Amino acid sequence: MRCLVTGATGYIGGRLTPLLLADGHTVRCLARKAVRLRDVPWASAAEIIEGDLSRPETLPAVFADVDVAYFLVHSLGRADFEATDRTAATNFAAAAREAGVRRIIYLGGPEPASHEEVPSPHLRSRAEVGRILLSSGVPTAVLRAAVIIGSGSASFEMLRYLTERLPAMVTPRWVSNRIQPIAVRDVLRYLAGCTALPAEVNRGFDIGGPDVLTFGDMMQRYASVAGLRRRVIVPVRLLTPSLSSHWVGLITPVPNAIARPLVDSLVQEAVTHEHDIARYVPDPPGGLIGFDQAVALALAKVRDAQVETRWSTASGPDAPAEPLPSDPAWSGGTAYTDVREQAVNAPPEALWRVIEGVGGEHGWYSFPLAWSVRGWLDRLIGGVGLRRGRRDPHRLQVGEALDFWRVEEIIPGELLRLRAEMRLPGRAWLEMRVLPTDDGRSRYHQRAVFLPRGLAGHTYWGSVAPFHAVVFGGMARNIARNAEHLG
């Protein structure tokens, strides 16, 4: 079949696409910027097309000749995510109907256990999207999953960091609510299997793993699988979801804007009420993956640096997407720059290895305290901070997150350009280049660019400029020194 995957730059879509390709399907991936998928391993096997679910005029070509369309986008982290997802689902449904798509498949969230329960805004939005797609006139399968356990998922990262960093913790009441987690491998198997659903099937399905646990149970089971001592967990009624999300934001890489809706969703129980999906996508011979095995599989991926996608892979619709402007475009405006060059007594290959390894556990090669403080300040005002780290300790690809940057361009052996995603009164980039020299050695060229927004932007640059000699100057010197050590 010809399958359309929206959200291919995200956590689930980025893993589903190669699975569909392996099953023999033709896959078309929708992206607002095609370059975001340029470096993924399966890029040459899929058709990548630009479009935007918020702009209906871009969608006819996207849906042309499509048999199965996956709706895997969401705007979690935006203040107006409910309205944004409602618009995207409405436009998606209309385009699919007009193009004669035969099947829509959507991954949503669990429904309340009773009519008395008031769903969180996150789950309310997921349910609304499901209703819009089910009423589209195109046969639709809505898969309702609670917590997804897999390397790089936001839920797994929350669980991992809370358990590993806090041997004893005061927790909110929701740690005692029942949850039915599911391994990401089983989620992907269901999503792929739904391509063969009969045409008359137009409904939702609960999907969950074999274990029903509380979040407290999940932390203790995680600790056991990871070889940690049993955790001391003391539930306290006074910790509201709002306070809980700030607590999660401080301890884990997941920023408050995403942690809050996830925490809100944990306030209600999330267990399956039926397993009808097994009539169409049978359970594997060994059964569904249990929680302990799912954690072990995820930890093995993290340990071996084989995490295909992470929760931070996707950038929201409101993320700054403009590339670094060319110099002529700056005429009439203001652009602040900080340029550094350093001779490197090492071959270009050694310098590039250091450049491509920046961030994450390797750090930024200068004044660690300054970078840490900047990261903490960013998190305090609702930004992503430094804790997103990096997906792979050695290799980067366009579009992925790198601490509070995103990789905007990478030319192996030559250029790494990062776009800032911290909270700023303007837009910022950091470029790192390798310049070969005639004697077989190299020069390191580094350029920071800031385009201020209003008076606050100019004031910001003026306030941080005195520290650039230490931060950016030290960075250039230490990158050169590390390259020389490797060379």
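How are helices α3 and α4 oriented relative to each other? In this predicted model, helix α3 (residues 81-99) packs against helix α4 (residues 121-134) at an angle of about 15°, and their axes are 9 Å apart. Since angles under 35 degrees count as roughly parallel, α3 and α4 are therefore roughly parallel to each other. The crossing of α3 with α4 is right-handed. On the α3 side, the contact is formed by F81, E82, D85, R86, A89, T90, F92 and A93, and α4 contributes P121, H122, R124, S125, R126, E128, V129, I132 and L133. By class, the residues of this contact comprise eight nonpolar, three polar and six charged.

Helix α3 also lies across strands β1, β4 and β5, and runs at about 180° to β4. These strands belong to an open sheet of seven strands, in which the order is β3-β2-β1-β4-β5-β6-β11 and the pairing is parallel. The edge positions are held by β3 (47-50) and β11 (203-206); each has a single partner strand, so one side of each is left without a neighbour in the sheet. On average, and with direction ignored, neighbouring strands of the sheet are turned by 20° against each other.

Within this sheet, strand β4 (residues 68-71) is covered on both faces. V68 and Y70 are buried on one side, and A69 and F71 are buried on the other. This arrangement may be set beside a general rule: in a regular strand, side chains alternate between the two faces of the sheet. Strand β1 (residues 2-6) is joined to β4 by three bridges, and the two run parallel; here V5 stands opposite Y70. Strand β5 (residues 103-108) is joined to β4 by four bridges, again in parallel, with R103 of β5 opposite V68. Further along the sheet, strand β6 (residues 140-144) pairs with β11 in the parallel sense over four bridges, and F205 in β11 is the bridge partner of L143. Helix α6 (residues 184-193) lies across β4, β5 and β6, with a direction at about 160° to β5.

Residues F156, L159, R160, L162, T163 and E164 of α5 meet F215, M218, M219, Y222 and A223 of α7. The residues of this contact divide into eight nonpolar, one polar and two charged.

Another sheet is open and has six strands in the order β14-β19-β18-β17-β16-β15, with antiparallel pairing. Strands β14 (336-344) and β15 (401-402) are at its edges, each pairing on one side only. The pairing of β14 with strand β19 (residues 442-452) is antiparallel and extends over nine bridges; A343 stands opposite R443 of β19. Two helices pack on this sheet. Helix α13 (residues 454-464) touches β14 and β19, and its direction makes about 145° with that of β19. Helix α14 (residues 468-486) touches β14, β18 (426-436) and β19, and its direction makes about 25° with that of β14.

Conventions:
Residues are numbered from 1 along each chain as its sequence is written. This is a predicted model: local features need pLDDT of at least 70, side-chain atom pairs count only at pLDDT 80 or more; totals for chains, interfaces and linings use all residues. Side-chain values use heavy atoms; hydrogens and water are left out. Two strands pair if DSSP finds at least two bridges between them. Contact means heavy atoms within 4.5 Å. Axes are lines fitted to C-alpha atoms, for helices over the stretch in contact, and angles run from 0 to 180 degrees between N-to-C directions. Angles under 35 degrees count as roughly parallel, over 145 as roughly antiparallel, 65 to 115 as roughly perpendicular and the rest as oblique. A crossing is left-handed if the near helix is turned anticlockwise from the far one by less than a right angle, and right-handed if clockwise. Ala, Val, Leu, Ile, Met, Phe, Trp, Tyr, Cys and Pro count as nonpolar, Asp, Glu, Lys and Arg as charged, and the others, Gly among them, as polar. Buried means under 20% relative accessible area, exposed over 50%, partly exposed in between (1.4 Å probe, protein chains only).
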